[in-house]
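Biologist: I am new to reading protein models. Please take me through one, feature by feature.

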Amino acid sequence: KAPDVMHLDQLRLRYAIGRSGVQPAQTDALCTFQVSSFNIRQTDQATEVFNSLGNANLKPEVASELETGLEAHFFHGRLTTDLTYYYKYNKDALIGAIVAPSLGTQATTQRSNLGAIRNSGFEAQITAQLLDKPWLGIDANLSTSINQNIVLSLGGTAPQRGVSNWIIAGYPINSLFARHITGWQDKNGDGILTYNADPNLNEVFVSKDTTFRGSPEPTQFAALTLGFDLFRRKLRLSALTDYRGGNLYYNNTERIRCVSRQNCNGQSNPAGSFVDQAMVVGTLNDPSQTLDGFFQPGAFIKLREVSAQYTMPQGLATSLKARTAALVLSVRNVAKWTKYRGVDPENDYTGASSVDAPSDFQTFGAPTYFILRLNLGF
């Protein structure tokens, strides 16, 4: 225990190293087929085609990690801090390598051990008892982290260039690449942006080169929990606010509405914003057919949950044959603030897939729902 200097109660330093492996999925090595039919000379013929290529040479992905940090307690435990730095190196990384359409497989990727990936970052957590009185208690917990994900090597193989996501050394895995929409100008003042091959008449400007647009996943995280205890801790009110940012999110829902169905706000609404109009012109009319406009700011703040917990009198708990009783009312997914122009920047249709990069593709946003719960302790 440290001396009472600057109200420091305890200081703990830590350092750890470790190594672990990630096995390929059970079916990643298997070559599978699919029965189908094709019309050959006006006659349907039964066929068998590749469904997945498999890879019999797969081996585990190996991760080595270093972690160091400190924990400190101040003011007789009323303030605690936890700071951590980590560095993780993955070799033989399991990546869905893009395959040529000429292979005749339904699958567009093949799981392979490609190169190396580095993840590094900082994590911090602060917990504080701001007020501790019989009539009012206030506590807070703030946690935050940043992460940098970089592909170091692809083991000598060519960069994996998909339609929207690239895996290329020097950039985050599944990075978003596109020809950038650099700006627009309503030259004729009619409120509608159009493309024209004549630079003097063109109103939407797209860069000549394909460039890195951003990370597909958040790199910055923060969460704040506030708690209030009232009436000698009989009633507790709490709220959780969450922030994520540092990324662009692929609004694939709007892409299919604009490109395939040609029925989206930027195309069908004369009062649509210039940013939405430029997005449509860039992908439908400009020769680049860029998807850049669909890579939208993914940062958001969400009020995840508010709750109230009432601890019932002992007599009422006893009448319920319990030692303790508490009634809890909570509301989840209360509100969000974001510049993302889709439904929700957390709409990820890929789910738990380890192959596809996250994107919003015709997915429902998280609903707001209410929970009333009775907790009994025996």
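Biologist: Is R233 buried, partly exposed or exposed?

Modeller: First, some ground rules. This is a predicted model, where local features need pLDDT of at least 70, side-chain atom pairs count only at pLDDT 80 or more, and totals for chains, interfaces and linings use all residues. Residues are numbered from 1 along each chain as its sequence is written, and side-chain values use heavy atoms, with hydrogens and water left out. Now the scale: buried means under 20% relative accessible area, exposed means over 50%, and partly exposed lies in between (1.4 Å probe, protein chains only). R233 has 43% relative accessibility, so it counts as partly exposed.

Biologist: Which residue does R233 meet in a salt bridge?

Modeller: The general idea comes first. Side chains of opposite charge can pair when their charged atoms come close. A salt bridge is a side-chain nitrogen of Lys or Arg within 4 Å of a carboxyl oxygen of Asp or Glu. Here the side chain of R233 meets that of D229, at 2.9 Å from N to O. D229 is buried, because its relative accessible area is 8%. R236 also forms a salt bridge with D229, with the closest N and O atoms 3.1 Å apart. R236 is partly exposed, at 28%.

Biologist: How many salt bridges does the structure hold?

Modeller: There are 18. Another one pairs R257 with E254, and their closest N and O atoms are 2.9 Å apart. Both residues lie in helix α1, 3 residues apart, about one turn of the helix. E254 is buried at 13%, whereas R257 is partly exposed at 31%. Elsewhere, salt bridges that share partners link D242, R244, K302, R304, D344 and E346 into one network.

Biologist: How are helices and strands assigned?

Modeller: They are DSSP runs, numbered from the N terminus: helices are H or I with at least four residues, strands are E with at least two. Take helix α3, residues 274–284. Of its 11 residues, 8 are buried, so the helix is mostly covered.

Biologist: What covers the buried residues of α3?

Modeller: Look for contacts, meaning heavy atoms within 4.5 Å. The cover includes the strands β12 (175–184), β13 (204–214) and β17 (295–297), along with helices α1 (252–260) and α2 (265–268). Among the buried residues of α3 are M279 and V280.

Biologist: Which residues make up the largest nonpolar core?

Modeller: A nonpolar core is a set of buried Ala, Val, Leu, Ile, Met, Phe, Trp, Tyr and Cys residues joined through side-chain atoms within 4.5 Å. The largest has 11 residues: L176, A178, L248, Y250, C258, C264, M279, V280, L291, F294 and F295. Two or more residues come from each of β12, β16 (248–250) and α3. A second, separate core has 8 residues, including I95, L114, V151 and I167.

Biologist: Which residues make the nonpolar surface patch?

Modeller: Patches use residues with over 30% relative accessible area and no salt bridge; like charges are joined within 9 Å, and nonpolar side chains (Val, Leu, Ile, Met, Phe, Trp, Tyr) within 5 Å. Areas come from the Shrake-Rupley method with a 1.4 Å probe, and for residues only the protein chains shown count as cover. This patch covers about 870 Å² and is made by Y310, L316, L320, L327, L329, L372, L374, L376 and F378. Strand β20 gives the most, with 3 residues. F378 sits in the segment after β20, and it is exposed at 69%.

Biologist: What joins the side chains of N90 and E61?

Modeller: A polar contact is a pair of N or O atoms within 3.5 Å; within protein, one must be able to donate a hydrogen and the other to accept it, and residues adjacent in sequence count only if both atoms are side-chain atoms. N90 and E61 have one of 2.6 Å. N90 lies in strand β5 (residues 79–91) and is buried, at 7%.

Biologist: Where is F75 found, and what is its phi?

Modeller: Most residues other than glycine have a negative phi. F75 has a positive value near 50°, in the loop between β4 (61–74) and β5. F231 also has a positive phi, about 55°. F231 is in the loop between β14 (220–230) and β15 (235–245).
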